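Work through these exercises with the model open. Each task is followed by its solution.

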Amino acid sequence: MDTSSINLRYTELANTSCCLSCGGAIGYAKPRPGEYCVDLGSGRGTDVLRMAEAVGETGFVYGIDAADGMLETAKRNAEKLEISHVSFLKSDLEKIPVPGGIIDLVISNCSINHAGDKQKVWDEVYRMLKEGGRFVVSDIYAVTPVPEEYRNDPAAVAECWAGAVTHEEYLNTLSKAGFSEISMLEESKPYAKGKVEVVSFTIFGRKEKKCCCCS
Ligand SMILES: C[S@@+](CC[C@H](N)C(=O)[O-])C[C@H]1O[C@@H](n2cnc3c(N)ncnc32)[C@H](O)[C@@H]1O
């Protein structure tokens, strides 16, 4: 997907303190010492740095973002805090330069709704996770489908509403990616955003371990 509108909007917001999150993913995620983690749409890097503190130097955290300004702010924050077991990578969420099967925990906060092809993003989440690995994602869904005329409007997508899909579509995408163990951790009441009503939520899922029962 062309991420130039995302780059523009979020580079402008990189040095502000406005809240860009839509749920409490980091609070539920509970990274453990030694774990390898990824934050999709890592913004200013706050959640990456919190996870880095929790996993310690035997673990590692990747922050993925498409906005140059956000990546610069995040790197600067990591340097200030002298945290080196992190890496901020410029990438579209639809094709992530992290090897497959090495990640224990993927988190994301209010970012996946921006992606043009959400199936590709969730396929990437599945690919990166180890068997038994988990995700905790805060995002939004639209109460009714976003009208066609806004769906591909880059500015409206960058404003965190026009890219939203319905609850049913969201869960279908997860299940097509291969996730079967899924639970909703929190869900807001519907609220107006742009031209639609959306719900903010945080969802948990795990990549199943394949059975190994030959004796
Ligand atoms: C609403 S902000 C959330 C930032 C951060 N997760 C937080 O909670 O503060 C969305 C972030 O996702 C990034 N983003 C949006 N779409 C993206 C895409 N397709 N590929 C990579 N990053 C994307 C934006 O640049 C921005 O930093």
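**Exercise 1.** Find what the buried residues of H5 pack against.

*Solution.* Start with the buried residues of helix H5 (residues 118–128): Lys118, Val121, Trp122, Glu124, Val125 and Met128. Buried means 20 or more other C-beta atoms within 10 Å of the residue's own; exposed means 12 or fewer, partly exposed lies in between, and C-beta atoms are placed from the backbone. Helices (H or I, at least four residues) and strands (E, at least two) are DSSP runs, numbered from the N terminus. Next, list the partners: strand S1 (36–40), strand S4 (103–109), strand S5 (129–142) and helix H8 (167–177). Packing here is contact, with C-beta atoms, placed from the backbone, within 7 Å.

The model is predicted: local features need pLDDT of at least 70, side-chain atom pairs count only at pLDDT 80 or more, and totals for chains, interfaces and linings use all residues. Residues are numbered from 1 along each chain as its sequence is written.

**Exercise 2.** Locate Lys30 and decide: buried or exposed?

*Solution.* Look in the loop between helix H2 (25–29) and S1. Check the backbone: phi of Lys30 is near 45 degrees, positive in a residue other than glycine. Most residues other than glycine have a negative phi. Now count: Lys30 has 12 C-beta neighbours inside 10 Å, so Lys30 is exposed.

Note on methods. Contact = placed C-beta atoms within 7 Å.
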